[in-house]
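The following questions and answers examine one protein structure. Please have the sequence and the model at hand.

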2 protein chains.
Amino acid sequence: VRDAAAREDEHDATGVSESVVDVQPQLVETVVDALDADDGARVRDTIAPLHDADLADLLQNLGSEHRRKLVRVIRSDFRPDVLAELDETIREDVIAELGILETAAAVADMDTDDALLVIADLGEDDKKAVLQAMPLSDRTLIEQQLTYAEFSAGRLMQRELVALPGFWTIGETIDYLRRAAESESASLPGDFYDLFVIDPVHRPMGVVPLSRLLTRGRITPLSEIMNTEMKVITTSTDQEDVAFLFRQRNLTSAPVVDDGGRLVGVITIDDVVDVIDQEHEDDLMHLGGVGTDDFYRRSIGTAGSRFPWLAVNLGTAFLASLVIAMFETTIEKVVALAVLMPIVASMGGNAGTQTLTVAVRALATKELTTANALRTVGKESLVGLFNGVLFAAITGIIAWLWFGSSKLALVLALAMIANLLVAGLSGATIPLLLHRLKVDPAVSSAVFLTTVTDVIGFFAFLGLATLLLF
Amino acid sequence: VRDAAAREDEHDATGVSESVVDVQPQLVETVVDALDADDGARVRDTIAPLHDADLADLLQNLGSEHRRKLVRVIRSDFRPDVLAELDETIREDVIAELGILETAAAVADMDTDDALLVIADLGEDDKKAVLQAMPLSDRTLIEQQLTYAEFSAGRLMQRELVALPGFWTIGETIDYLRRAAESESASLPGDFYDLFVIDPVHRPMGVVPLSRLLTRGRITPLSEIMNTEMKVITTSTDQEDVAFLFRQRNLTSAPVVDDGGRLVGVITIDDVVDVIDQEHEDDLMHLGGVGTDDFYRRSIGTAGSRFPWLAVNLGTAFLASLVIAMFETTIEKVVALAVLMPIVASMGGNAGTQTLTVAVRALATKELTTANALRTVGKESLVGLFNGVLFAAITGIIAWLWFGSSKLALVLALAMIANLLVAGLSGATIPLLLHRLKVDPAVSSAVFLTTVTDVIGFFAFLGLATLLLF
């Protein structure tokens, strides 16, 4: 076995280093310096060798002043695909600086699915203005696709595809493709990986991976080499269901049909990757109490968007306070209760969050279903009980040593068992109930859970203390 | 606009319904009934039309007794690819029931990347036994690939690929592919989407999407139509960096080279989707305080795996208790403090978690870098301050109305501002510091954060009370 450093050296020698995935602070500095010096030529020279994605990265890493300045410098030869790579918030900024005409020109140069993405995010007025400034053919295509619901397969699909009748032979197909590529009028997709076989009324019959055209003889008809086990998606299918289907069936592409079952587009796995990323980000952010990713938003906007969740949390915190207030006289007599009471609530909250996270994830991946819901709730309650007993012993002993009261220790231990059992039970039940009520469990489960674990935690501990200590 | 129900009907009419993505409790019931009645024929009939992924789903939805029974029924004609679709925990179960010989036979029938996945998860003894029971050619291939580090590009890549010299023409290439497909000895990949152009020492020079072979004349050399802007990955590259590269550059496939720069495999985007899913799951689980997804584990195992995190949390909870204990005499005099003190800590914890979630996510997507770290910390502190002032006003007023003490209200308000400011500051700083120390911020940030917001929350509130109330 050779050591890592030696291997590392050799990667560099072959010109392949890990640096591709790092962002370069030096680059940001160089560009900022050049912008500050109003040296447009140096700015353009610096960014010329950058890939579109890296230029988008650079724009995102600049402060808003420098960003606007950079856009002004590169405005005249703005690279269309940079727009598609930008975060939504930053894109709005860039488009505002770029202006309607330049944006329209950029969008007209993009693939329809990317163009759609950019246009769909614009405000109504900007959207109209950009569409009006576009060439008619592009505009019609995009306006048509905008009629599909947001987050639907219709929005996600690419319109350009190759669809041929099943009786065509491989030879005829290759000849047709060569002719079509030469004629300007036929609209072949850029690079494509599958072609579709359709029946006379344009319904998809099967899919032919291109490698099959290259590994069979010219006289083979398409119907003989097509894969009929394809999954057909309708334009109105939700994009999350599309993503689920792609993962479940390991698809690389799937045909999209309209209400009449006619082939109108194709969704490829690279489009689905964006959906998967978005889905995951949503789950993570919602569980963390953040509406949507606000990394690029300004402070005031960010504070505003996070306010509602904190306000809801304040409500539940006051609810917990009301529970504590019920036992003011008990606390006055034994102030050690005030010292220990956050422990019970905190452990319940954490144990509940563990269960909640697993349940929300399992619901998202459709692993948690009505078929195993009851078993899951039972298991999670049991897990809560196990850990409740363990931590009851641990905290009981610590409290006994600390305050020298076996009764206080007993109260703490019993409250711990009760709250961790409830945490497991409600950590599994709450997301299941919300899911059944068609509410996204990632968004609202956490607040219900903390309410339960706080209220039960304080109530069990202080209530048992009132019963057992006097 | 037509109504959803009408559209829904038509989907059904075209045979395309949403039901594909639902799991069927009826199916589970039918199979359980048949298993209980020991009716092997009915079991086999029921599962015969199922897709591999659906059969895997069914196995995951059964209790462990029924699962084992089902495996025994279908053991003789077990479908290899079902193994690859199973969750790790369930797969171990199934393999244990299946036995070494059947597992080896199944694995030998799978694609190398899927086979590798199954074998890599086996215990050392099982791994050896399964490998020994496999045909020599498959075994060598897999043993070779097992020498690459876990989670590296070498493990992820597929060995089967088409690599040709750049001077070959399209015509020669197609003729070669047709001959190779007919001869049994050549090992063409199943369906493939790109072929690679190599130099005489087998280094990748470019990639040719198959569509380009079909849209150009037969005499065009490959070097003329190849895409040289491909990203080359080394076998030792971490799979998370591979995933980042694919997303950043919208790749559909990338060549993998060994230490000498020679082409040894190809990674395609469908392999990357699994990595992306795994990455996201890890982030989510770690933030939720769960080691790895334990949805299919037994209660005892699950409780054990969640214990460490809860134990750490118990430590921080006792730390908070120590802070409260410092102010026992203050609380004894004004018991309202015990009622209100969880509010400050809870709001701080929630505001901090919001910041933390955004920061951890931005670090994972490499949006948060050294270039904008300082700006991010500044922004998050400001966001904390904004919401701190808002919630200081709200909670101050409520406390005033509740307890009729303006001084108590002032104490609560000031503590709220302090804790939300600290929450924003530490919610951004902690993950950045951990990231710099090469510790996964998703795993450990939350516990540091709660410690800070609890300790500061209680200390600020009770300390200010001691200073200002008497």
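Q: How many salt bridges (a side-chain nitrogen of Lys or Arg within 4 Å of a carboxyl oxygen of Asp or Glu) are counted between chain B and chain A?
A: The model is predicted, so local features need pLDDT of at least 70 and side-chain atom pairs count only at pLDDT 80 or more, while totals for chains, interfaces and linings use all residues; side-chain values use heavy atoms, with hydrogens and water left out. Residues are numbered from 1 along each chain as its sequence is written, and chains are lettered from A and ligands numbered from 1 in the order in which they are written. One salt bridge joins D191(B) to R212(A), with the closest N and O atoms 3.0 Å apart. Between chain B and chain A the count is 10 salt bridges.

Q: What area do chain B and chain A bury between them?
A: Contact (heavy atoms within 4.5 Å) involves 141 residues from chain B and 141 residues from chain A. In chain B, the residues that lose the most area to chain A are L214(B), F295(B) and Q354(B), together 6% of what that side buries. Buried area is the accessible area (1.4 Å probe) that two parts lose on being put together, summed over both. Of the total, 64% is on carbon and sulfur atoms, and the total itself is about 12,500 Å².

Q: How many residue pairs are in polar contact across the interface of chain B and chain A?
A: A polar contact is a pair of N or O atoms within 3.5 Å; within protein, one must be able to donate a hydrogen and the other to accept it, and residues adjacent in sequence count only if both atoms are side-chain atoms. With both residues at pLDDT 80 or more, the rule finds 54 residue pairs.

Q: With which side chain does the side chain of Q60(A) make a polar contact?
A: Q60(A) belongs to helix α4 (residues 52-61) of chain A and is buried, at 5% relative accessible area. Leaving out residues up to four places away in sequence, Q60(A) touches R67(A), E85(A), L86(A), D87(A), I90(A), Y296(A) and E367(B). The polar contact, at 2.9 Å, is with Y296(A).

Q: Why is helix α4 of chain B described as largely enclosed by the rest of the structure?
A: The helix covers residues 52-61 of chain B. Its buried residues include D52(B), L55(B), L58(B) and N61(B). Helix α4 of chain B is largely enclosed because the buried residues number 10 of the 10.

Q: Which residue caps the N-terminal end of α16(A)?
A: Helix α16 (residues 239-249) of chain A is mostly covered, with nine of its 11 residues buried. Among them are V242(A), F244(A), L245(A) and F246(A). Just after α16(A), N250(A) adopts a positive phi of about 50 degrees. At the N-terminal end, a side-chain oxygen lies 2.9 Å from the backbone nitrogen of E240(A), and the capping residue is D238(A).

Q: Is D38(A) buried or exposed?
A: D38(A) sits in the loop between α2 (25-36) and α3 (40-47) of chain A. Although not a glycine, D38(A) has a positive phi of about 50 degrees. With a relative accessible area of 61%, D38(A) is exposed.

Q: What is the relative accessible area of P209(B)?
A: P209(B) lies in strand β3 (residues 204-209) of chain B. Not counting residues up to four places away in sequence, P209(B) touches D191(A), Y193(A), Y193(B) and D194(B). P209(B) is buried, with a relative accessible area of 4%.

How values were computed:
Buried < 20%, exposed > 50% of the residue type's maximum accessible area, 1.4 Å probe, protein only. Helix = DSSP H or I, 4+ residues; strand = E, 2+ residues; numbered from the N terminus.
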